[in-house]
Amino acid sequence: MADVAHVTAGFRDQFYGLRGAVAEAVEGRPRLITSGLIDPLTIRWGETSCRFDKQTWLEPTVDPTAVDSAIVGWVADRLVPKLMVASQTKVLEVAIDADGDMVPCTPVVTVEPTGDRPSLAHLAAALTSPLASLLLLHEAAGSALSAQAMRVSARALGDLPLPPEGPEWDAAAAAVAALDGAPTQPQLVEIGRLAMAAYGLSERTDIVNWWQSRLRDR
């Protein structure tokens, strides 16, 4: 992944640097995205509440001119088309910020492509594959707040292998791009199966079944 994208995450300085710059539902400002707002291939901003700086928010937005001077550049650099990956999850949960208008709140990890290919949909399909979750679990098992969850790090994401280019990966990406809103469970499982085929592992139904068992009901 690191060969085709810049994979990064904020730290404590970025979290505290946003204090005083967040307000509820200010039109035209970037949206603040916490890890809890990210579900597989969708973002729940405006649909479910989140916590930031000991407050509850429904539509948190960021004033880039009001953030701490030390992170002005960091915020500006994040306002590009990207993937946003949640932490403390049982499987990798990744969503697409196609417009580049979202600010990640620590510990959200961002994946920012460095070229036109692979597309955001291709990278999202790869990270949604059951294989990616299995590999990351081996790397990060037990490092999250729950023994059943994984703490997603930028380094671990950057080390994940990508499928070879070809029609199988294109099919998985097309299924991601065709989504109109949050995927249903059957849609998500189908994308997982297509992504496994992209890796040449369509016969590994055991990995798909393991991954499916860890998906949250939705």
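**Note on local geometry and packing**

1. Asp53 counts as partly exposed, since its relative accessibility is 23%. The model is a predicted one. Asp53 belongs to the loop between β6 (50–52) and β7 (55–57). Its phi is positive, about 55 degrees, although Asp53 is not a glycine.

2. Lys54 sits in the loop between β6 and β7 as well. Here too phi is positive, at about 65 degrees, and Lys54 is not a glycine. Is Lys54 buried or exposed? With a relative accessible area of 74%, Lys54 is exposed; the cut-off for that class is over 50%.

3. One joins Thr106 and Pro107, with omega about 20 degrees. Pro107 is placed in the loop between β11 (102–104) and β12 (109–113).

4. The peptide bond from Arg117 to Pro118 is also cis, and its omega is near -5 degrees. Pro118 lies in the loop between β12 and α3 (120–128).

5. Strand β12 comes next. Of its 5 residues, 4 are buried, so β12 is largely enclosed by the rest of the structure. Buried in this sense means under 20% relative accessible area.

6. The remaining point concerns a helix pair. The axes of α6 (residues 167–177) and α7 (residues 185–198) come within 7 Å and cross at roughly 160 degrees. The angle makes α6 roughly antiparallel to α7, because angles over 145 degrees are put in that class. The crossing of α6 past α7 is left-handed.

7. Which residues make the contact between α6 and α7? From α6 they are Glu168, Trp169, Ala171, Ala172, Ala175 and Val176. From α7 they are Ile191, Leu194, Ala195, Ala197 and Ala198. By class, the contact of α6 with α7 comprises 10 nonpolar residues, no polar ones and 1 charged residue.

Methods
Residues numbered from 1 in each chain as written. Predicted model: local features only at pLDDT ≥ 70, side-chain atom pairs only at ≥ 80, totals over all residues. Heavy atoms only, no water. Axes fitted to C-alpha atoms, helices over the stretch in contact; angles between N-to-C directions. Helix = DSSP H or I, 4+ residues; strand = E, 2+ residues; numbered from the N terminus. Parallel < 35°, antiparallel > 145°, perpendicular 65-115°, else oblique. Left-handed = near helix turned anticlockwise from the far one by under 90°. Contact = heavy atoms within 4.5 Å. Nonpolar A, V, L, I, M, F, W, Y, C, P; charged D, E, K, R; others polar. Buried < 20%, exposed > 50% of the residue type's maximum accessible area, 1.4 Å probe, protein only.
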